[in-house]
Amino acid sequence: CDVSEFCEVLLTWGAPGLREMLDNVQALANVLIVPPEALLPLVDGALRVGHKEALKYVALREDFITARVGGRSLEELFSSGTAKTLEQVLSQAPNMGSMPRK
């Protein structure tokens with residue numbers, strides 16, 4: 001079952017505060033499926049949790065061990081004491097000049 005379809009069905013109940021809760025559920029589910037490069041914007045934007053808290057969910061990803069963003073592992077990105085944006089990570093990565101940025 002698709003999480004977004006499930007959430008749409010639940011929204012028909014019209015319960016107060018349900019939309020915000022379901023938006024959080026969808027953001028958490030997205031942590032597992034978005035490309036690694038989209039994790040920092042997702043965590044900093046829609047999810048709005050600290051990087052150390054997000055690491056609990058990011059660690060559940062299939063590619064947690066192998067994925068790299070700006071030459072750094074997902075564990076390095078989310079367990080560092082200072083949170084960095086995707087742009088900061090990419091700007092500090094070696095040899096990333098040829099990588100297209102959006």
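These legends walk through a few close-up views of a predicted model. Local features here need pLDDT of at least 70, side-chain atom pairs count only at pLDDT 80 or more, and totals for chains, interfaces and linings use all residues. Residues are numbered from 1 along each chain as its sequence is written, and side-chain values use heavy atoms, with hydrogens and water left out.

**View 1. Helix α1 meets helix α2.** Helices here are DSSP runs (H or I, at least four residues), as are strands (E, at least two), numbered from the N terminus. The axes of α1 and α2 come within 10 Å and cross at roughly 175°. (Axes are lines fitted to C-alpha atoms, for helices over the stretch in contact, and angles run from 0 to 180 degrees between N-to-C directions.) So α1 is roughly antiparallel to α2, a label for angles over 145 degrees. On the α1 side, the contact (heavy atoms within 4.5 Å) is made by Val3, Ser4, Cys7, Leu10 and Leu11. From α2 come Leu18, Arg19, Leu22, Val25, Gln26 and Ala29.

**View 2. Helix α2 on its own.** With 16 residues at 1.5 Å a residue, α2 should span 22 Å, and its end C-alpha atoms are 23 Å apart, which agrees. (That expected span is 1.5 Å times one less than the number of residues.) Leu18, Leu22, Ala27 and Val31 are the buried residues of α2, buried being under 20% relative accessible area with a 1.4 Å probe, protein chains only. They pack against α1 (3-11), α3 and α4.

**View 3. Helix α2 meets helix α3.** Here the axes of α2 (residues 18-33) and α3 (residues 39-47) come within 10 Å, crossing at roughly 170°. This pair is therefore roughly antiparallel too. Look for Asn24, Ala27, Leu28, Asn30 and Val31 in α2, which meet Leu39, Leu42, Ala46 and Leu47 in α3.

**View 4. The two sides of helix α4.** In α4 (residues 51-58), the buried residues are His51, Ala54, Leu55 and Val58. Seen down the axis, they fall within an arc of 115°, so they line one face of the helix; the arc is that of the directions from the helix axis to the C-beta atoms. These buried residues pack against α2, α3 and α5 (74-79). Turned away from the buried side, you'll find Lys52 and Lys56, which are exposed (over 50% relative accessible area).

**View 5. Serine 73 in a strand.** Serine 73 sits in strand β2 (residues 72-73). Its relative accessibility is 12%, so serine 73 counts as buried. Leaving out residues up to four places away in sequence, serine 73 touches Ala67 and Arg68.

Conventions:
Angles under 35 degrees count as roughly parallel, over 145 as roughly antiparallel, 65 to 115 as roughly perpendicular and the rest as oblique.
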